[in-house]
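This report considers pairs of oppositely charged side chains. Please examine the sequence and the structure shown below before reading on.

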Amino acid sequence: MQVGRKSCWRQLQASFFRLLCLIPTGFPVRSVDMQRATDNITIRQGDTAIIRCYVDDKVSKVAWLNRSNIIFAGQDKWSLDPRVDLVTKGQLEYSLRIQKVDVYDEGSYTCSIQTKQQPKTSQVYLIVQVPASIYQVSNDITVNEGSNVTLSCLANGRPDPAITWRLLNPSAEPLDGEEYLDIIGIMRTQAGRYECKASNDVATPDVKYVNVIVNYPPTIKKTQSSETPVGRNGTLRCEVTAVPTPEFEWYRDDKRLANTQSITIQTSGTTTSLTIANITEEDYGNYTCVASNRLGVQNASLFLYRPGTGRDINGSACVSQSLWLLLASFACLFLKC
């Protein structure tokens, strides 16, 4: 097989040089500097490539070929590509210049020389590199906690780019994943902005982002009871974590409370407060904060009490799950009462 390939190449070379003999001899007579020929040239897409060929006064005819196609014969241009021209400096160079190189320019280029003694060739292989580019990435998504999530990030380039993932908050540590990032049973702590980076060292990496929102039911984070004397204003506070943002309700025993002349309920995001003005003896006791969204409900007991009774107003929430309160909360959530 090796012998057959060499024989085929010699026949092709002989055919070309027979054609080369027909080329006019208008180009100055020089020969190739074979020591300065380059085997491979690597160029980035969009840049200008110069494929060098040096000659001297021993050459009678010279030409450039791309594979089996003649590009230049002497000074005569055979190619129709306007990006291609010759570089001839001081009549010692017969180099080929290709502007705005693209992937279809990749391949073998041959500088062929006819001397009085024998034909010579200098071959160069042009390698075209393409910067990494992300052409498809997952859209922003919203999922429920515990769901399985797959994020995709597809990129191309030459050479093939490496793809890496990071969750930017809080630590931005690398994640195990390439084109596809699988998250099994996603947790609320895994919500945030995911970064996909494609790089192949040809140019600056390409970066895209995916925002992931994780829904989860309310969790009572902090409560604040109130130690307030008669005649003063007392405020109870309840803070939760939840996605989506919860709705709040306040209860005294079995009665749902609303804004009145003496009661003010305020809600901001995931925090709610109940303020009772001009407290009387009847106002002391147990109050319940209820937080609910479409994924669940949770409640906590808070206390309004007289000074000196010894309750811990900064203690953790006393969470209860009484059936009537859960049913009442869901009913109000869906009926918008």
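Predicted model: local features only at pLDDT ≥ 70, side-chain atom pairs only at ≥ 80, totals over all residues.

Arg 166, by contrast, is partly exposed, at 28% relative accessibility.

Glu 195 and Arg 166 form a salt bridge, in which the closest N and O atoms are 2.9 Å apart. Glu 195 belongs to strand β15 (residues 192-199) and Arg 166 to strand β12 (residues 162-167), so this pair ties together parts that are 29 residues apart in sequence.

## Arg 158 and Glu 106

A salt bridge also joins the side chains of Arg 158 and Glu 106, with an N to O distance of 2.6 Å. Arg 158 is found in strand β11 (residues 149-158), whereas Glu 106 is in the loop between β7 (95-98) and β8 (107-115); the pair therefore ties together parts that are 52 residues apart in sequence.

Glu 106 counts as buried, at 16% relative accessibility. Arg 158 is partly exposed, its relative accessible area being 31%.

Arg 83 is buried, with 13% relative accessible area, while Asp 81 is partly exposed, at 21%.

## The structure as a whole

Side chains of opposite charge can pair when their charged atoms come close. In total, the structure holds 11 salt bridges.

How values were computed. Residues numbered from 1 in each chain as written. Heavy atoms only, no water. Salt bridge = Lys/Arg side-chain N within 4 Å of Asp/Glu carboxyl O. Buried < 20%, exposed > 50% of the residue type's maximum accessible area, 1.4 Å probe, protein only. Helix = DSSP H or I, 4+ residues; strand = E, 2+ residues; numbered from the N terminus.
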